[in-house]
Amino acid sequence: MVAKTIFMITLFFMPLVILSSGLVDAPLVLFLLYVISGLGMAGIGMSVMHDAIHGSYSKNKKINTFLGYSFNLIGGSAVIWKIQHNILHHTYTNIDEADDDLNAPFFLRFSPHAKHYWVHQFQHIYIWFFYSISTISWITSKDFVRLKRYKKMGFFDKKNEYEKTLAAMIAWKLLYYSYALILPMIMLPFSWGMILVAFLCMHFVTGFLVSIIFQIAHIMPSTDFPLPNNKGEMKECWYGHQLATTTNFSPKSRLLYWLIGGLNYQVEHHVLPDVCHVHYKDISKIVAATAEEFGMKYHVKSSLFQAISAHTKMLRSLGRK
């Protein structure tokens, strides 16, 4: 984990340091460095901050909190992510209107229980563009929208907690824009428009990679989208629910496993979210055997390509009325 953390943070920051030095004078190098930084950004999101905010990076809470701020350094908000991902997504996985990962703009439909619009029939075609701009949404508007919504839900009920969180969020984002965009604009001999496009390309890479990895774990033809009964109770127990709504993919790829923070073992992550991802591969056999013993589902796709293909089919199916 330490080696991976150093590698991913270096992969993100080193290109930005080179860009901020003012030594780059070729447009191709400008775009290449931003794309490399985007790969590092995705690596931090999937391999470092994800474990840290879950509290599974280290047994030391201070280390987890400190490394959780790596998400703030790439333009996000650790506070908002913890509510959206740890609480709402992991507790209410694939439950319409409760799992915040399913909540999307009207032109996207991620649940068979969500309202259908005619435009959804094309979502399997245009979804890839919106996946690519997902992190741009995070660094601009989405975090602020969610902060306001989560306040209404009662998450920021302490005195001045909302105001302090808002101020901290603005400060972190200004810091991010300063070294990732403004400083290169000042130091490099390119137009601000070209640098902005290169910056957006960085986020296209990050957004596409992160969205694909997280979405193919749940929005699949094989996964369930259960709803509570009139008493607000779920049919399955908590573990059964996580197994029924989650899918593994490409379990034999060691390289993918390392690069994406073990998120190809989403089943293991969802049933044991407080375990560091370096252990997922080892415990997967135990989880699979236990699921079989108790007659529970255990979804897995053999490859990343197979998982993306199934996800595309699911999006197309959801697009039909």
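In this predicted model, the largest nonpolar core comprises 58 residues, and Leu30, Tyr34 and Tyr176 are those with the most contacts inside it. A nonpolar core is here a set of buried Ala, Val, Leu, Ile, Met, Phe, Trp, Tyr and Cys residues joined through side-chain atoms within 4.5 Å; buried denotes under 20% relative accessible area, exposed over 50%, and partly exposed the range in between (1.4 Å probe, protein chains only). At least two residues of this core are supplied by each of α1 (2-20), α2 (27-54), α5 (78-91), α6 (123-132), α7 (134-152), α8 (161-187), α9 (192-215) and α14 (304-319). The greatest contribution, 11 residues, is made by α2. Helices (H or I, at least four residues) and strands (E, at least two) are DSSP runs, numbered from the N terminus. Leu30 is in contact (heavy atoms within 4.5 Å) with Leu19, Val24, Leu188, Phe190, Met194, Ile195 and Ala198, residues up to four places away in sequence not being counted. Another core, of 8 residues, lies apart from the largest one and includes Ile83, Leu147, Tyr162 and Met169.

Residues are numbered from 1 along each chain as its sequence is written. As the model is predicted, local features need pLDDT of at least 70 and side-chain atom pairs count only at pLDDT 80 or more, whereas totals for chains, interfaces and linings use all residues; side-chain values use heavy atoms, with hydrogens and water left out.

Helix α5 is largely enclosed by the rest of the structure, because 10 of its 14 residues are buried. The buried positions of α5 are Ala78, Ile80, Trp81, Ile83, Gln84, His85, Asn86, Leu88, His89 and His90.

Helix α11 (residues 254-259) provides the largest share of the patch, 3 residues. Leu259, located in α11, is partly exposed at 35% relative accessible area.

Ser47, in helix α2, is buried at 1% relative accessibility. The Ser47 side chain reaches the backbone oxygen of Leu259 at 3.3 Å.

Technical notes
A polar contact is a pair of N or O atoms within 3.5 Å; within protein, one must be able to donate a hydrogen and the other to accept it, and residues adjacent in sequence count only if both atoms are side-chain atoms.
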